[in-house]
Amino acid sequence: MTAVFRREFKSYFTGMMGYVFIGFVLLFVGIYTMALNLNYGYPGFEYVIQSCSFMFLIAVPVLTMRAFAEERRQGTDQLLYSLPVGVTQLVLGKYLAMVALMAIPVAVISFYPLIIGAFGTISYATAYGSIFAFFLLGCALLAIGMFMSSITENQIIAAVMCLGTLLLSYLMTALSTLITSTALASTIALMVVALLLSLIVRLMTKSWSAAGATAVVTFVPLALLYLLNPAAMEGAFTGSLGALAVFDRMQNFVKGVFDLTGVVYFLSVAALFCFFTVQAVEKRRWS
């Protein structure tokens, strides 16, 4: 894993991608710091962090699109498979290289509250809690982007899929308010999601039995729950959509609350999509 980490981390700076990513993050944070803290006089640095979270919609797809897609296009993924490391270590090496790259601008940003505090009153706990949440959010989104890159050999397609997924997550709360929350509508919507999940399982495993088992495991409980207790299904789909709103997990940190559930959520998303990436790469390795 160490060899993969060094290789990937070095490649980001050799190809200028690392410098572009760091400069992009620092540019946006600098602009919002100047606008909110200096020009308008807001003492809270957490508002800067909250306002800048949208830049991940651009930065993450650009950084992650080449993680595996470029390797597959050039055929160099076969060289990676020949290394004396497992697929899990390979994926973690690439992922940790991107996390380390993102940690560089975050480390620079960590000095901003100290600079602002020298000229006024600032809540350091809230500021650094928000920076911590900002970093964890980035880690979760990097895992999502890496997975998108692992399922295609075209960088542009990987970037577009990642952008679409992150944009949907960014707008998830707003979109959920447009959907009816009745029991029947929620049940039907969840069944559609279950069907899509079954199709994904079919595409990844090439097994109709696995897809059918997934459909049964998801469809039957939903149908039984609707028949036995319809009230429990009211708002279930919109609530599920809210759980997918990754960006909204920063809200409590910005308000000055260290949300332990938010930390677990970010780490769980990162771990889940790293696992998905391992499965996608493993399937590619033996296909």
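Does Phe276, at 28% relative accessibility, count as buried, partly exposed or exposed? The points below take up this residue and its surroundings in what is a predicted model.

1. Phe276 counts as partly exposed, because its relative accessibility is 28% and that class lies between the cut-offs of 20% and 50%. Phe147, by contrast, counts as buried at 11%.

2. Phe147 and Phe276 form a tilted aromatic pair, with 5.7 Å from centre to centre and 50° between the planes. Phe147 belongs to helix H9 and Phe276 to helix H16 (residues 260-286), so the pair ties together parts that are 129 residues apart in sequence. Phe276 also forms a tilted pair with Phe275, at 6.2 Å and 50°. Phe275 is partly exposed, with 46% relative accessibility.

3. The count of aromatic pairs comes to 13. Elsewhere, ring pairs link Phe24, Phe28, Tyr32 and Phe54 into a cluster.

4. The largest nonpolar core has 67 residues, and Val29, Phe45, Tyr95, Leu141 and Phe266 have the most contacts inside it. Helix H9 (residues 124-150) supplies the largest share of this core, 15 residues. A second, separate core of nine residues includes Met172, Ala183, Leu190 and Phe237.

5. Beyond its neighbours within four places in sequence, Phe266 is in contact with residues including Ala133, Leu136, Leu137, Ala140 and Arg249. Arg249 also lies over the face of Tyr265, 4.1 Å from the ring centre.

6. In helix H14 (residues 236-243), the buried residues are Phe237, Thr238 and Leu241. Viewed down the axis of H14, these residues fall within an arc of 100°, so they line one face of the helix.

Notes
Residues are numbered from 1 along each chain as its sequence is written. This is a predicted model: local features need pLDDT of at least 70, side-chain atom pairs count only at pLDDT 80 or more; totals for chains, interfaces and linings use all residues. Side-chain values use heavy atoms; hydrogens and water are left out. Buried means under 20% relative accessible area, exposed over 50%, partly exposed in between (1.4 Å probe, protein chains only). Helices (H or I, at least four residues) and strands (E, at least two) are DSSP runs, numbered from the N terminus. The arc is that of the directions from the helix axis to the C-beta atoms. A nonpolar core is a set of buried Ala, Val, Leu, Ile, Met, Phe, Trp, Tyr and Cys residues joined through side-chain atoms within 4.5 Å. Contact means heavy atoms within 4.5 Å. Rings of Phe, Tyr and Trp (its six-membered ring) pair if their centres lie within 6.5 Å; planes under 30 degrees apart count as stacked, over 60 as edge-to-face and the rest as tilted. A charge sits over a ring if NZ of Lys or CZ of Arg is within 6 Å of the ring centre and within 35 degrees of the ring normal.
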